[in-house]
Amino acid sequence: MKDQTSQYLCPYCSSKFDAFEDLKTHALSAHTGEPAPLPEGMIRLTLNGDKYQIQVQPEWTLNTLIHDKLGLTSPKMFCDRGACGSCTVIMNRRPILSCMTLAIECDGNTIETAEGIADQDHPLVETYVKHHAMQCGYCTPGFITTAKALLDKNPDPAEEEIREALGGNLCRCGTYPQHPKAIMEAAEILRDSEGGK
Ligand code: FES
Ligand code: FES
């Protein structure tokens, strides 16, 4: 994970600044007519190891913030009503639905997306490819984040436990039989690497 100093994000154009005053100066000159950023609207967030201070609008969901404003496209917006799991991210080690979570509620939280999991060279990426656990791939980041949270908690899950953990993730391409195989093999790789330390 990268160690990065906090960044202030413009709520109107997503430009990044190192200091709140610089953000305010930018917003007042580049976005005349829009409300000036206020320190009270700021949340602190650690996203895939990067630290941000971001002014969020009260109506933004976490998916709006991550996908639309910060440009991480892995949390997909499909049903927008908590029914499909395609928008899943890991927050404070638990899988959550980013379409059903307000960004303003996430102050101080640590969030992980499929981009962060791929950056760690997590074996799930390799085993998902090996076992063809995706077709169109739209649902895949949601499955991968759910699976990563499961393996963080339970390094040796039984097939039944995996199926239960994935119960909220839907796949229109019908890849369901492949996920337990990919996840159990990733778990084995992780246990072997832990044992070799
Ligand atoms: S888009 Fe969030 S659960 Fe479907
Ligand atoms: S792989 Fe297409 S929706 Fe799951």
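The points below go through a predicted model of a protein chain, from its overall layout to single residues.

1. Basis. Residues are numbered from 1 along each chain as its sequence is written, and chains are lettered from A and ligands numbered from 1 in the order in which they are written. As this is a predicted model, local features need pLDDT of at least 70 and side-chain atom pairs count only at pLDDT 80 or more, while totals for chains, interfaces and linings use all residues.

2. Overall layout. The protein chain holds seven helices and seven strands; these are DSSP runs, helices being H or I with at least four residues and strands E with at least two, numbered from the N terminus. The pattern along the sequence is β-β-α-β-β-α-β-β-β-α-α-α-α-α. The C-alpha trace spans about 55 × 40 × 25 Å along its principal axes. Of the 197 residues, 40% count as buried. The cut-offs are counts of other C-beta atoms within 10 Å of the residue's own: 20 or more for buried, 12 or fewer for exposed, and partly exposed in between, with C-beta atoms placed from the backbone.

3. Contacts along the sequence. Among contacts in the protein chain with a separation of 6 or more, 58% join residues 24 or more positions apart. A contact here requires C-beta atoms, placed from the backbone, within 7 Å.

4. The sheet. The seven strands make an open sheet of mixed pairing, ordered S2-S1-S4-S3-S7-S5-S6. Two strands pair if DSSP finds at least two bridges between them. Strand S2 (16-17) and strand S6 (94-97) are the edge strands, each pairing on one side only.

5. Strand S3 and its partners. Strand S3 (residues 42-47) pairs with strand S4 (residues 50-55) in the antiparallel sense, over six bridges. Ile43 has Ile54 as its bridge partner in S4, and Thr46 stands opposite Lys51 in S4. S3 is also joined to strand S7 (residues 109-112) by three bridges, and these two strands run parallel. In that pairing, Asn109 in S7 is the bridge partner of Leu45.

6. The S3-S4 turn. S3 and S4 form a hairpin with two residues between them. Asn48, found in the loop between S3 and S4, has a phi near 50°, a positive value in a residue other than glycine. Most residues other than glycine have a negative phi. Is Asn48 buried or exposed? Asn48 is buried, because 23 other C-beta atoms lie within 10 Å.

7. His132 lies in the loop between helix H4 (123-130) and H5. His132 counts as exposed because it has 11 C-beta neighbours inside 10 Å.

8. Domains. The domain assignment gives domain 1 (8-116) and domain 2 (121-195); such bounds come from an automatic or database domain assignment. The C-alpha centres of domain 1 and domain 2 lie 27 Å apart. In contact across the boundary are 15 residues of domain 1 and 13 residues of domain 2. On the side of domain 1 that touches domain 2, S5 and S6 each supply at least two residues, and the largest share, three residues, comes from S5. The residues of that side divide into seven nonpolar, five polar and three charged. In this count Ala, Val, Leu, Ile, Met, Phe, Trp, Tyr, Cys and Pro are nonpolar, Asp, Glu, Lys and Arg charged, and the others, Gly among them, polar.

9. Helix H5. Helix H5 (residues 140-153) lies across strand S5 (88-91) and S6, at about 30° to S5. Axes are lines fitted to C-alpha atoms, for helices over the stretch in contact, and angles run from 0 to 180 degrees between N-to-C directions. Leu151 is found in helix H5 and counts as buried because it has 22 C-beta neighbours inside 10 Å. Leaving out residues up to four places away in sequence, Leu151 touches Ala186, Ala187 and Leu190. Leu151 and Ile183 are 32 residues apart in sequence, with C-alpha atoms 8.2 Å apart.

10. Nonpolar cores. A nonpolar core is a set of buried Ala, Val, Leu, Ile, Met, Phe, Trp, Tyr and Cys residues joined through C-beta atoms within 7 Å. The largest has 22 residues, and Leu45, Ile54, Leu65 and Ile111 have the most contacts inside it. Elements giving two or more residues to this core include helix H1 (20-30) and helix H2 (62-69). Another core, of 19 residues, lies apart from it, and among its members are Tyr128, Phe143, Leu151 and Ala187.

Definitions and conventions: Two residues are in contact if their C-beta atoms, placed from the backbone, lie within 7 Å.
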